[in-house]
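Hi,

Here is the structure I promised to pass on. Have a look at it first, and my notes follow below.

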Amino acid sequence: MKIQSNFLCALTLFLTASFGMLHAQDTNVTTEFGVKGGFNMSNLYNGDADDNNILYGFNAGLYATLPISDFVAIQPEILYTTKGAELKYDNAFATGEAKFKLNYIEVPLLVRVNITKNFNVQAGGYASYLVSSKVKGTGDVEFEEEVDTDDLNKFDAGIAAGVGVDFNPISVGLRYNYGLTKVGKDRTDALGNSFNTLGDAKNSNLTLYVSYKLN
């Protein structure tokens, strides 16, 4: 599984091609309010996002679907979500893994298009606020400590796209978030040199979710 921006390009092309057949489908979108949660596979990337150093986590929150036509709706959400990356090491001195965990309050804002009554695609963006971060090590060297969020960007933003299948009142779906904001904060040392402890690393997150309609 290669997690990279090609996923987003392919999904965008699929969304564009789908508009030509919407008039022939029973695609009524209704107003919905509900809860959702899911399983995260996240990473930090420089350049191309891939499936190395994946950290497993979760997300949970609320969503609404607000129709603007028979087959198109705006879908805002508010989620608590975990991101980050995992580094495994095995050398002459020690063997183990270190998990870098980032916890966000995230607000996606998506356009949802019903291709059929039960199948939809979503595309849009998200903004997140970092509430906490920590590093945990296991193996030969064990440790756990909070990361000073002053060294990290409090706000993250990016683009999101995914697909969903509705079984009323339950839906399942797959979504990919591609971060556009550096996780680390640009700093200046005492000599006036600029540095960033995480370089150009940005968030990459693939989510498998389940939602439940309350109305």
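**What turned up**

K83 lies over the face of Y104, with 5.6 Å to the ring centre. K36 does likewise over the face of Y209, at 3.8 Å from the ring centre. Bear in mind that this is a predicted model.

Now the overall picture. Of the 215 residues, 42% are buried.

Y104 also belongs to the largest nonpolar core, which has nine residues, including L44, F100, L102 and V183. Strand β4 (residues 95-114) gives the largest share of this core, three residues. Beyond its neighbours within four places in sequence, V183 is in contact with L44, L102, Y104 and L152, among others. Apart from this core there is another, of six residues, among them M41, I54, Y178 and L206.

As for the aromatics, the whole structure holds five aromatic pairs. In one of them, F39 and Y56, the ring centres are 5.6 Å apart and the planes are at 15 degrees, so the pair is stacked. Since F39 is in strand β1 (residues 32-45) and Y56 in strand β2 (residues 55-67), the pair ties together parts 17 residues apart in sequence. F39 is partly exposed at 38% relative accessibility, whereas Y56 is exposed at 54%.

F58 and Y80 make a tilted pair, 6.0 Å centre to centre with 35 degrees between the planes. That pair links strand β2 to strand β3 (residues 72-90). Finally, ring pairs join Y45, Y176 and Y178 into a cluster.

Cheers

Methods: Residues numbered from 1 in each chain as written. Predicted model: local features only at pLDDT ≥ 70, side-chain atom pairs only at ≥ 80, totals over all residues. Heavy atoms only, no water. Buried < 20%, exposed > 50% of the residue type's maximum accessible area, 1.4 Å probe, protein only. Core = buried A, V, L, I, M, F, W, Y, C linked by side-chain atoms within 4.5 Å. Helix = DSSP H or I, 4+ residues; strand = E, 2+ residues; numbered from the N terminus. Contact = heavy atoms within 4.5 Å. Phe/Tyr/Trp six-rings, centres within 6.5 Å; stacked < 30°, edge-to-face > 60°. Lys NZ or Arg CZ within 6 Å of the ring centre and 35° of its normal.
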